[in-house]
Amino acid sequence: MTIPPGMDHDIHDYSAQPWRHERAWRGGQKLAVYLLLHIEHTEILPPADSHRDPRFRGAFFSGSPDWTAYTLRDYGNRIGAWRILDLLDRLKLPASVAVNLMAAQRHPELVSACRDRGFEPVAHGVSASRMPTSRLTEAEERAAIREARDGLAAIWPGATGWLGQDHGATARTTRLLAEAGFAYGLDWANDEEPYRHASGLVAMPPPGEWDDVQTLVLRRVPVLRWPGLVRDAVDRLVAEPRGGRALGIGIHPWVMGAPHRIRYLAESLEWLAARDDIAITTAGALAAEC
């Protein structure tokens, strides 16, 4: 068997940066930034066959029933999200909102607040305690995608994008998402520019290193370094000659909405909002240009 350059799968072709055509965003900027706000519900007692991201063991997981994970995310929905919405209002910034179905069902007040601000919904599965894995059959995965899609559409229509819980996916996920009518996904952290999977689904660069849970909680980077991480990334991407880059910033209300962290998020977003050489928009708006 001949293995294509750089690839261990046929989900998409390999594409090293020097092989590509130069591009820029519609407004002429080389770099676009989108904010990905998470609204999540996790189950106190998830189904017995559900899978949890093993990285959350320890201080962020108390077993079954899992009161620890539940109360952390409940704090985000009750308290932290409102601090972050106030900040976005003050800076007049748009957001993409990754919302799982159970959160949308339980928090119509948050859905209404985000919808009324013109934010973009992103389908984020059914629950924060149900990570997609290859343990699912194709029929089960298809049904889970459609349950999240249809349930969210009945509450907050307009989601064209998908974010897998904890970026969980299978070899067939991109095909099933395209079949379900999604235009883009946020689960492939292998590029700084959008590209297309073989299914036609646009792979938008996810927050990755600029997601607060990934960086502050799991990797334990001190929160006071957060503004510098954002500045360093933006400055470098703007300085490089190549355009068409996208940088996502992942914001979980139970993390960045805490009173000792919100100042660092504010510092980062104030700095971004003051720049006129980057576009700040939504993930869906960027995917629509691809």
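**Figure 1. Contacts of L269 in the predicted model.** In this predicted model, L269 touches L35, L87, L88, L91 and L93, when residues up to four places away in sequence are not counted. The largest nonpolar core has 59 residues, and within it L35 and L269 touch the most other members. Another core, of 16 residues, lies apart from it; W25, Y34, A98 and V202 are among its residues.

Figure 2. Helix α9 comprises residues 262–273. At 1.5 Å a residue, its 12 residues should span 16 Å, and the C-alpha atoms at its ends are 16 Å apart, so the two values agree. The buried residues of α9 are I262, Y264, L265, A266, S268, L269 and L272.

Figure 3. R231 has its place in helix α7. With a relative accessible area of 30%, R231 is partly exposed. Its contacts, leaving aside neighbours within four places in sequence, are with E267 and W271. R231 and L272 are 41 residues apart along the chain, while their C-alpha atoms are separated by 8.3 Å.

**Figure 4. The packing of helices α1 and α3.** Helix α3 is formed by residues 108–116, and α1 packs with it at an angle of about 10 degrees, the two axes being 11 Å apart. Because angles under 35 degrees count as roughly parallel, α1 is described as roughly parallel to α3. From α1, the residues N77, A81, W82 and L85 meet E109, L110, A113 and C114 of α3. Sorted by class, this contact has 6 nonpolar, 1 polar and 1 charged residues.

Figure 5. K92 lies in the loop between α1 and β2 (96–99). Its phi is near 55 degrees, a positive value in a residue other than glycine. K92 counts as exposed because its relative accessibility is 74%, and the cut-off for exposed is over 50%. D166 is found in the loop between β4 (161–162) and α5 (173–179). For D166 too, phi is near 55 degrees, again a positive value in a residue other than glycine. D166 counts as buried, however, because its relative accessibility is 17%, and buried means under 20%.

**Figure 6. E192 and its contacts.** E192 has its place in the loop between β5 (184–185) and β6 (195–196). At 36% relative accessibility, E192 counts as partly exposed. Leaving aside neighbours within four places in sequence, E192 is in contact with Q17, P205, L237, G244, R245 and A246. E192 and T173 are 19 residues apart in sequence, and their C-alpha atoms are 21 Å apart in space.

Figure 7. A274 lies in the loop between α9 and β9. A274 is exposed, having a relative accessible area of 66%. Between A274 and T173 there are 38 Å in space, C-alpha to C-alpha, and the two are 101 residues apart in sequence.

Notes:
Residues numbered from 1 in each chain as written. Predicted model: local features only at pLDDT ≥ 70, side-chain atom pairs only at ≥ 80, totals over all residues. Heavy atoms only, no water. Helix = DSSP H or I, 4+ residues; strand = E, 2+ residues; numbered from the N terminus. Expected span 1.5 Å × (residues − 1). Buried < 20%, exposed > 50% of the residue type's maximum accessible area, 1.4 Å probe, protein only. Core = buried A, V, L, I, M, F, W, Y, C linked by side-chain atoms within 4.5 Å. Contact = heavy atoms within 4.5 Å. Axes fitted to C-alpha atoms, helices over the stretch in contact; angles between N-to-C directions. Parallel < 35°, antiparallel > 145°, perpendicular 65-115°, else oblique. Nonpolar A, V, L, I, M, F, W, Y, C, P; charged D, E, K, R; others polar.
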